[in-house]
Amino acid sequence: APAGEGGNIQVTRIGHGFGHITNSPPENIGDWDVVFSKDGLILFDGGRRSRINLEAEKIIFSKNITPIIERIIRKNTYKSAILKYYPKNKYIYFAYEDPDKFPKGRLNSILVYDLLTGEWWPYKNWIIGSLAIQKQCDGSEKMLYGDGVDGYVHEIENPKFKNDSRKEIS
């Protein structure tokens, strides 16, 4: 509980002037938090470097997709966007509702940011309901997405379904 309520937690402001604007939580990727702000997609180090200048604490990594960010903010579809980090490949998945695509009211677009190369990659024909990481007993991880139309859960990198995760067992 906070100090004022009998606890010992001290709340300290470490930054201002930006904030996470979607309904899903920011994504932690170790030393950084991935935040969707009105400035774009930001890597924020949480003020750990104690610099005086806030700009030195954050990196906007969505400059190459600025028209998309501006469009979903302008058309007010940004609140349902999801960010998910996949440690195995060092990818950040960004699922969002593009107001110029169908179906409306669903996360009808997904872009993948490769942290190693700094490149964005679009994935086509995915209607995202949710994104999740499944941790295995052996310590490995699997990236899953819940289909936003039929409710199926798909394993993104299943070698049996290399090009079509929607194949069903016959």
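Lys142 and Glu155 form a salt bridge, their closest N and O atoms being 3.7 Å apart; the term requires a side-chain nitrogen of Lys or Arg within 4 Å of a carboxyl oxygen of Asp or Glu. Because Lys142 belongs to strand E10 (residues 141-147) and Glu155 to strand E11 (residues 153-155), the pair ties together parts that are 13 residues apart in sequence. Strands (E, at least two residues) and helices (H or I, at least four) are DSSP runs numbered from the N terminus. Lys142 is partly exposed at 28% relative accessibility, and Glu155 is partly exposed at 23%; buried means under 20% relative accessible area, exposed over 50%, and partly exposed in between (1.4 Å probe, protein chains only).

This is a predicted model, in which local features need pLDDT of at least 70 and side-chain atom pairs count only at pLDDT 80 or more, while totals for chains, interfaces and linings use all residues. Residues are numbered from 1 along each chain as its sequence is written, and side-chain values use heavy atoms, with hydrogens and water left out.

The structure holds eight salt bridges. One of them joins Arg71 and Asp100 at 3.4 Å, N to O, and links distant parts of the chain, with Arg71 in helix H1 and Asp100 in the loop between E6 and E7, 29 residues apart. Arg71 is buried at 18% relative accessible area, whereas Asp100 is partly exposed at 47%. Through shared partners, salt bridges join Arg71, Lys75, Asp98 and Asp100 into one network.

Aromatic pairs number nine, a pair being rings of Phe, Tyr and Trp (its six-membered ring) with centres within 6.5 Å; planes under 30 degrees apart count as stacked, over 60 as edge-to-face and the rest as tilted. The rings of Phe61 and Trp120 are stacked because their centres lie 5.9 Å apart with the planes at 5°. Phe61 is buried at 7% relative accessible area, and Trp120 is buried at 11%. Tyr123 and Trp126 form an edge-to-face pair, 4.8 Å centre to centre with 70° between the planes.
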